[in-house]
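Student: I have a structure to read and would like to know what stands behind the words used for it. Can we go through them one at a time?

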Amino acid sequence: MKAALALSGGGIRAVAHLGIVKVLKNNGVEIEAIAGASGGALVGALLCDGKEPEEIVEMIKAVKLWNLFGSRGRGGVFALEGIRRLLEERLSVGRIERLRKRFFVACTDLAGGEIRYFDRGAVGELCIASSSLVPVFSPVRYDGMLLADGGFMDNMPARPLKPLGLPVIGINVNPILPKKPDNVIRTTVRALVLMMAANIEASRRHCHFYVEPAACERINIFDFKKIDEAYDAGIKEGEKVVSKLLDTIGAI
């Protein structure tokens, strides 16, 4: 049974995608294509390169936070050169079109004022662009464009997958549950999640099946101590919905 995945951003919550993918693979679902924004793009690139979910989790756990966000950026507080180096070291290829599986990266074109979906180009640079949450992280200049976090305009990019003719599974790791943020950082994160939730509803219409692990809501998007918790949340949600998911996409 073949399918395509649309993976949302969500910082460290994106590790939950890997738990869900693990369950899908264990149940005979073959992932033929992935489209991702922000954190979903980062894990999606590694999956499309042939890496196993557990392998990617261990890669992320081995990373030191200060090695990722330590450099000063232009147009943002930090640049994401550390993540770029990590991807370039871990990926077997440097171009999107050379990955083993079809892959799309969603980026917001700040100058053009539109969403762009890349299925060709420098995979590391474009994944960094898709993860550049301005103003925390600097936008990326690429091929005459100024690119930033894809989640600003399409945080679960299902649209580029439609022409492939595959069942599309949308996974959103940013559930919206009642919450009262109690400091500036949590309030800012809450506002960002709410903003991105609006475009996820639009993308959801292009999916044949939708998954939203509620347990991710309690995980701060920058909390590297919650990697295992995010992965477990994905596994549990995957196991919860897999029977219905198989029935749905099997009927397509």
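Student: What makes G94 count as buried, exposed or partly exposed?
Tutor: In this predicted model, G94 has a relative accessibility of 45%. Buried needs under 20% and exposed needs over 50%, so G94 counts as partly exposed.

Student: Where is G94, and which residues does G94 touch beyond four places in sequence?
Tutor: G94 sits in the loop between α5 (81-90) and β3 (102-109). Leaving out residues up to four places away, G94 touches G121, A122 and V123. G94 and V123 are 29 residues apart along the chain, and their C-alpha atoms are separated by 5.8 Å.

Student: Why is S203 called buried?
Tutor: The relative accessibility of S203 is 0%. The limit for buried is under 20%, so S203 counts as buried. The residue lies in helix α7 (residues 184-204).

Student: How do you know that the side chains of S203 and D154 make a polar contact?
Tutor: The contact between these two side chains is 2.6 Å. A polar contact requires N or O atoms within 3.5 Å, one able to donate a hydrogen and the other to accept it. The pair S203 and D154 is listed as such a contact. Apart from residues up to four places away in sequence, S203 touches D154, M156, A158 and R159.

Student: Which residues does C127 contact, leaving aside neighbours within four places in sequence?
Tutor: They are A41, L42, A45, L87, F103 and V105.

Student: What makes a group of residues a nonpolar core?
Tutor: The members must be buried, belong to a set of nonpolar residue types that includes Cys, and be joined through side-chain atoms within 4.5 Å. The largest such core here has 60 residues, and L5, V15, L18, F103, C127 and I169 touch the most other members. Helix α8 (residues 227-250) gives the largest share of this core, nine residues. A second, separate core has 13 residues, among them A6, M156, A158 and L161. In soluble globular proteins, nonpolar side chains tend to be buried together.

Student: Why is helix α2 called mostly covered?
Tutor: Helix α2 covers residues 39-48, and ten of its ten residues are buried. Among them are A41, L42 and A45. After α2 comes G50, which has a positive phi near 100°.

Student: What makes the phi of S38 worth a remark?
Tutor: Most residues other than glycine have a negative phi. S38 is not a glycine, yet its phi is positive, about 55°. S38 lies in the loop between β2 (30-37) and α2. With a relative accessible area of 9%, S38 is buried.

Student: Which value does phi take in D143, and is D143 buried or exposed?
Tutor: Phi of D143 is near 50°, a positive value in a residue other than glycine. D143 has a relative accessible area of 67%. Exposed means over 50%, so D143 is exposed. D143 is placed in the loop between β5 (140-142) and β6 (145-149).

Student: How many of the residues count as buried?
Tutor: Of the 252 residues, 54% count as buried. The chain exposes about 11400 Å², of which carbon and sulfur atoms supply 52%.

Terms used:
Residues numbered from 1 in each chain as written. Predicted model: local features only at pLDDT ≥ 70, side-chain atom pairs only at ≥ 80, totals over all residues. Heavy atoms only, no water. Buried < 20%, exposed > 50% of the residue type's maximum accessible area, 1.4 Å probe, protein only. Helix = DSSP H or I, 4+ residues; strand = E, 2+ residues; numbered from the N terminus. Contact = heavy atoms within 4.5 Å. Areas by Shrake-Rupley, 256 points an atom, 1.4 Å probe, with all protein chains shown as cover.
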